[in-house]
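This report describes one protein chain, starting with the whole and then turning to its parts. Please keep the sequence and the model in view while reading.

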Amino acid sequence: MDQNNNYQPPMQPPMQPMQPQESQGMAIAALIMGIAGLIGGWFPIIQYFTLVLSILAIIFGAKARKKSVGAGMATAGMVLGIISVAITVAMIVCVICAAGAIAAAGGAGAFDDLTNQINSALAAQGGMMI
C-alpha cells in the first residue's frame, strides 16, 4: 500500500514469448502422397504420375521423421510410399510385358482376327456384332 491507502497489486513477471509450434505439414503431406501413390499405382496411365508422388512421400516422410513432429504419420507416409513405388514399378513392368506380348502376337491384327471370329459367331446366332 502506498501513503493514500490505495492498493496496488504485486508486479507480475514479464510474459515469455510463445515458442512457434512445429508444423506437422511434412508428415501430413507424406501420408497423403503415400495414399495417393498406393491407389494410383494400380491404374496404367495414372501410375506414371503417382510414381512421382510416391517418391516424394518417401522424401517428405524421412524429413518429417527427423523433426520428430508427427513421426507416426511420417513413418506411415514413408512406408506407403515405399510400398506404392514397388507396386507401381511392378505394374509398369506388367504393362510393358503386355505390350510386348501383343506385338509378338502380331499387333492389333491378332485382335482383329479374334473380333472377326466373335462377330461371325454372333451373326450366325442372330446376335449383335461387336
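Two residues are in contact when heavy atoms of theirs lie within 4.5 Å. In the protein chain, 65% of the contacts with a separation of 6 or more are between residues 24 or more positions apart. The model is predicted, so local features need pLDDT of at least 70 and side-chain atom pairs count only at pLDDT 80 or more, while totals for chains, interfaces and linings use all residues. Residues are numbered from 1 along each chain as its sequence is written, and side-chain values use heavy atoms, with hydrogens and water left out.

**The whole chain**

The secondary structure consists of four helices and zero strands, in the order α-α-α-α from the N terminus. Helices (H or I, at least four residues) and strands (E, at least two) are DSSP runs, numbered from the N terminus. A residue is buried under 20% relative accessible area, exposed over 50% and partly exposed in between (1.4 Å probe, protein chains only). Of the 130 residues, 20% count as buried. The chain exposes about 9,500 Å², and carbon and sulfur atoms supply 70% of that area. Accessible areas come from the Shrake-Rupley method with a 1.4 Å probe; for residues, only the protein chains shown count as cover.

**Helix α1**

The buried residues of α1 are Ala 27, Ala 30, Met 33, Gly 34, Gly 37 and Gly 40. They lie on the same side of α1, because they cover an arc of only 165° around the axis, taken from the directions from the helix axis to the C-beta atoms. An α-helix has 3.6 residues a turn, so residues three or four places apart point the same way. The buried residues of α1 pack against α2 and α3 (71-104). On the face turned away from the buried side, α1 carries the exposed residues Ile 32 and Ile 39.

| Residue | Relative accessibility |
|---|---|
| Tyr 48 | 40% |
| Met 73 | 27% |

Tyr 48 is in helix α2, and Met 73 is in helix α3. Leaving aside neighbours within four places in sequence, which residues is Met 73 in contact with? They are Gln 24, Ala 27, Ile 28 and Leu 31. The C-alpha atoms of Met 73 and Gly 61 are separated by 7.9 Å, and these residues are 12 residues apart along the chain.
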